[in-house]
Amino acid sequence: MLVEYDRHFPKLDLRSGFNIQQINYHSVLLSDGFGLDFESDRQIPNNSKSIRSMAGIFYADYRPVLSLRLISAFRIEHYDLNDKLSIMAQLGAIFRDSKDNVARIVLSKADRAPFMLDSYINQSVNVPIWMEKGHDHYEPANIKFSSNTNIDYLSNYTGEIGWRTKIIKNVFADFELFKSFLLNNVDLAILNINRDTTTYPIPMMIYEIKYRNNNSYYSSLEGFGFNLEYSPNSRLTLRFHGMVQHSAQHFDRDKLKEHYLTNFRYEGKPVEVL
């Protein structure tokens with residue numbers, strides 16, 4: 001459900017709104033208490049889970065002079081999984097010195113919504129694992145996945161500067177520089193490894209895995225893009241687009257060491273696979 005209210009002034013347009021939505025998901029991965037075995041024909045029923053959110057929305061478009069346009073947009077959202085707020089925003093300015101030259105700058109922040117598997121999976125899976133180091137064979141293993149509803153939302157911060165200009169008659173060019181950062185990464189942390197010799201008919205390795213934030217690194221993306229546009233007539237437009245970009249991961253060695261030391265412990269008799 002979405003409700004919006006618009007208000008217009010000579011130099012200002014405002015929009016506010018309220019949004020409620022619910023996502024329903026059906027999967028065997030969400031069936032608590034069942035263990036998956038890929039070598040078994042046992043039928044496992046689907047289970048249903050849902051995520052509901054409420055969001056407030058605000059948008060403003062201000063034109064102080066004919067050549068300048070200022071835009072801002074905000075969305076504050078709350079999910080029923082936890083007490084965390086997702087705050088998304090965009091700020092932009094567009095300057096036009098003539099009809100043939102337009103410059104823009106945009107800053108934005110966006111969050112990834114909670115993911116069903118991150119939030120609700122609570123499942124164990126029996127799989128064969130290849131053993132090496134002089135004992136090449138498959139050994140049965142049980143992997144236990146645990147959900148986490150308290151994960152910080154994956155966030156993307158982006159800055160962009162662009163310029164559109166008319167080169168000659170019917171030929172336009174658009175140039176863009178951009179930089180973005182990806183924070184609050186989520187991965188699977190191994191909480192425990194144990195060799196179980198009593199529960200199953202044969203010894204089995206038990207891996208306990210949980211979704212967790214990994215703030216020991218962040219990702220970045222930067223680049224340059226351009227677009228050339230030629231319109232020989234009103235019915236035909238030719239476009240050529242190109243982009244050069246560089247992506248990287250940046251690690252904090254102290255946080256990386258702390259993350260893996262606090263998210264891993266070994267119990268039981270060591271085996272050669274470790």
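How many nonpolar, polar and charged residues does the lining of the largest cavity have, by class?

Reply: By class, the lining of the largest cavity comes to eight nonpolar, five polar and three charged residues. Here Ala, Val, Leu, Ile, Met, Phe, Trp, Tyr, Cys and Pro count as nonpolar, Asp, Glu, Lys and Arg as charged, and the others, Gly among them, as polar.

Before we go on, this is a predicted model, where local features need pLDDT of at least 70 and side-chain atom pairs pLDDT 80 or more, while totals for chains, interfaces and linings use all residues. Residues are numbered from 1 along each chain as its sequence is written, and side-chain values use heavy atoms, with hydrogens and water left out.

Back to that cavity (on a 1 Å grid over the protein atoms alone, a set of points where a 1.4 Å probe fits but cannot get out; lining residues have an atom within 4 Å of a point). There is one cavity of 30 Å³ or more, and the largest holds about 110 Å³ of space. Around it sit 16 lining residues, with Arg112, Pro114, Phe115, Ile151 and Tyr153 nearest the centre.

Now compare a pocket (an open set of points with protein on both sides within 12 Å along at least five of seven lines). The largest pocket has a volume of about 200 Å³, a volume being the space filled by probe spheres set on the points. It is lined by 13 residues, and Arg63, Leu66, Ser67, Leu68 and Arg69 are the closest to its centre. Strand 6 gives the most, with three residues. Sort the pocket's lining by class and you get seven nonpolar, one polar and five charged residues.

Asp61 counts as buried because its relative accessible area is 5%, while Arg69 is partly exposed at 34%. (Buried is under 20%, exposed over 50%, partly exposed in between, with a 1.4 Å probe and protein chains only.)

The structure holds 14 salt bridges. Another of them pairs Arg104 with Glu160 at 3.1 Å, N to O. That pair links distant parts of the chain, 56 residues apart, with Arg104 in strand 7 and Glu160 in strand 10. Lys109 bridges to Asp111, with the closest N and O atoms 3.1 Å apart, and Asp111 is buried because its relative accessible area is 13%. Salt bridges that share partners also join Asp13, Asp61, Arg63 and Arg69 into one network, and Arg63 and Arg69 are two of the residues closest to the pocket's centre.

One last stop is the backbone. Most residues other than glycine have a negative phi. Asn170, however, has a positive phi near 70°; it is in the loop between strand 10 (155-168) and strand 11 (171-183). Asn184 has a positive phi too, near 60°, and is found in the loop between strand 11 and strand 12 (186-196). Asn170 is partly exposed, with 28% relative accessible area, and Asn184 is partly exposed as well, with 22%.

Key. Helix = DSSP H or I, 4+ residues; strand = E, 2+ residues; numbered from the N terminus. Salt bridge = Lys/Arg side-chain N within 4 Å of Asp/Glu carboxyl O.
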